[in-house]
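Here is a short briefing on a protein–ligand model.

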Amino acid sequence: MRKVLLAMSTSTFLREQATQRAFVRKSVSAFMPGETVEEALAAAATLKPQRINTILTRLGEGVTRLDEAEKVTQHYLDTLDKVKAAGLDAQISVKPTQLGHDLDAVQAQRNLDRICEKAERLGNVPVWIDMENSPYVDPTIKMFRTSRERYKGVGLAMQAYLYRTAKDLEALIPLGPAIRIVKGAYLEPPEIAYPNKSDVDQNFYTLCTRMLADDALKAGSLLHIATHDIALADRLGAFIDERKIPTSAYEYAMLFGIQRSQQQRLAQSGKRTRVLISYGEYWYPWYMRRLAERPANVTFVLKNLFGG
Ligand code: FDA
């Protein structure tokens with residue numbers, strides 16, 4: 001099921017079909033407060049009293065024209081102003097292919113640096129870089145390193161399903177980096193990614209504990225534990241309590257609309273908690289990845305389809 005849904009996520013034909021169907025749009029709203037940044041900011045404002053901070057990301061990957069990449073960059077620059085005006089603690093998360101990486105890697109780097117520069121000036125850091133599918137891992141790490149030489153406030157998502165991530169992370173630890181550990185959302189072959197979920201879960205735990213080791217903490221690292229897996233989050237919570245890791249060293253991160261009670265439980269217990277809010281018109285591939293994460297979500301869509 002996961003493989004089929006992930007393969008479907010790259011189909012242009014299905015994207016066009018899905019975006020026209022009201023029942024699909026309705027089920028997308030479970031994970032996305034709206035298509036505009038204003039709707040995302042309004043959702044962030046409702047989470048604030050619950051002591052849940054946010055990360056904003058505009059959907060859309062693989063832009064095909066440099067002027068689109070410029071529009072996306074400008075959008076994020078404006079969003080930083082809007083976040084400040086709204087008095088929210090809402091960071092920004094970007095995708096390299098959204099900033100034009102496929103068209104002009106130098107320009108994409110420049111775009112990222114412009115966002116980092118402004119975020120740093122406004123004190124809204126880190127700017128997160130999402131990790132896309134495996135061909136982008138090397139270029140994304142390169143972009144992160146280049147920006148990190150200029151701006152301290154930049155963070156990187158790293159995927160526990162890839163065999164290579166342990167080594168990649170090890171090389172970054174001396175920088176004292178901001179790293180978001182995720183399981184990984186794309187369809188990757190067993191030659192490069194753990195095919196078994198239990199191995200991915202174990203690697204997630206190992207990577208997170210590596211980020212919380214003494215040398216990483218001393219270097220100034222920040223870990224985002226980005227999962228909805230309650231057992232895994234609790235296992236890491238026990239490690240953190242046992243080692244008396246300072247709360248400044250880590251945050252829990254989850255996606256809007258997923259495991260809301262866990263989000264509230266963590267925030268109420270005083271744990272720093274962030275919710276990533278996605279918005280935008282180009283939601284189809286992202287939505288399919290969310291369906292692939294949980295077959296029950298497909299049942300929900302089918303019920304809407306046949307239930308009227
Ligand atoms: P897992 O898939 O094991 O799910 C644990 C439990 O959580 C499930 O049993 C279910 O109850 C619930 N759950 C999980 N997903 C759900 C869903 N879609 N709907 C309903 N319930 C769900 N990936 C990537 O490749 N690059 C990236 O940059 C990012 N960035 C990112 C940021 C943040 C803040 C998060 C939380 C996640 C990402 N991801 C990502 C996605 C990540 O790789 C992964 O696909 C999802 O988080 C699902 O995996 P879990 O860790 O939640 O565990």
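Which element gives the most to the shell around the ligand? Strand β7 does, with three residues. The model is predicted.

**Ligand shell**

- The ligand is surrounded by 26 residues.
- Lys 183, Gly 184, Thr 227, His 228 and Glu 293 are the closest of these.
- At least two shell residues come from each of β4 (154-159), β5 (178-182), β7 (250-255) and α13 (284-293).
- Sorted by class, the shell holds 12 nonpolar, six polar and eight charged residues.

**Polar contacts and burial of the ligand**

- A polar backbone atom of Gly 184 lies 2.7 Å from an oxygen atom of the ligand.
- A polar backbone atom of Arg 290 lies 2.9 Å from a nitrogen atom of the ligand.
- The side chain of Glu 293 places an N or O atom 2.6 Å from a ligand oxygen atom.
- The ligand exposes 930 Å² when taken alone, and the protein buries 87% of that.

**Helix α8**

- Helix α8 spans residues 165-172, and its buried residues are Thr 165, Asp 168, Leu 169 and Leu 172.
- Why do these residues lie on the same side of α8? They do so because they cover an arc of only 95° around the axis.
- The partners that the buried residues of α8 pack against are α7 (137-150), β4, β5 and α9 (197-211).
- Two of these partners, β4 and β5, also supply residues to the ligand shell.

**Thr 79**

- Thr 79 sits in helix α5, which runs over residues 66-86.
- Is Thr 79 buried or exposed? Its relative accessible area is 1%, so Thr 79 is buried; the cut-off for buried is under 20%.
- Beyond its neighbours within four places in sequence, Thr 79 contacts Val 37, Leu 56, Ile 92 and Tyr 279.

**Leu 276**

- Leu 276 belongs to strand β8, residues 273-279.
- With a relative accessible area of 12%, Leu 276 also falls under the 20% cut-off, so this residue counts as buried.
- Leu 255 is 21 residues from Leu 276 in sequence, yet their C-alpha atoms are 4.8 Å apart in space.
- What does Leu 276 touch, not counting residues up to four places away in sequence? Its contacts are Ile 55, Thr 57, Ser 93, Arg 180, Met 254, Leu 255 and Phe 256.

Note on methods: Residues numbered from 1 in each chain as written. Predicted model: local features only at pLDDT ≥ 70, side-chain atom pairs only at ≥ 80, totals over all residues. Heavy atoms only, no water. Near = heavy atom within 4 Å. Polar contact = N/O pair within 3.5 Å; in protein donor to acceptor, adjacent residues only side chain to side chain. Areas by Shrake-Rupley, 256 points an atom, 1.4 Å probe, with all protein chains shown as cover. Helix = DSSP H or I, 4+ residues; strand = E, 2+ residues; numbered from the N terminus. Nonpolar A, V, L, I, M, F, W, Y, C, P; charged D, E, K, R; others polar. Buried < 20%, exposed > 50% of the residue type's maximum accessible area, 1.4 Å probe, protein only. Arc of directions from axis to C-beta. Contact = heavy atoms within 4.5 Å.
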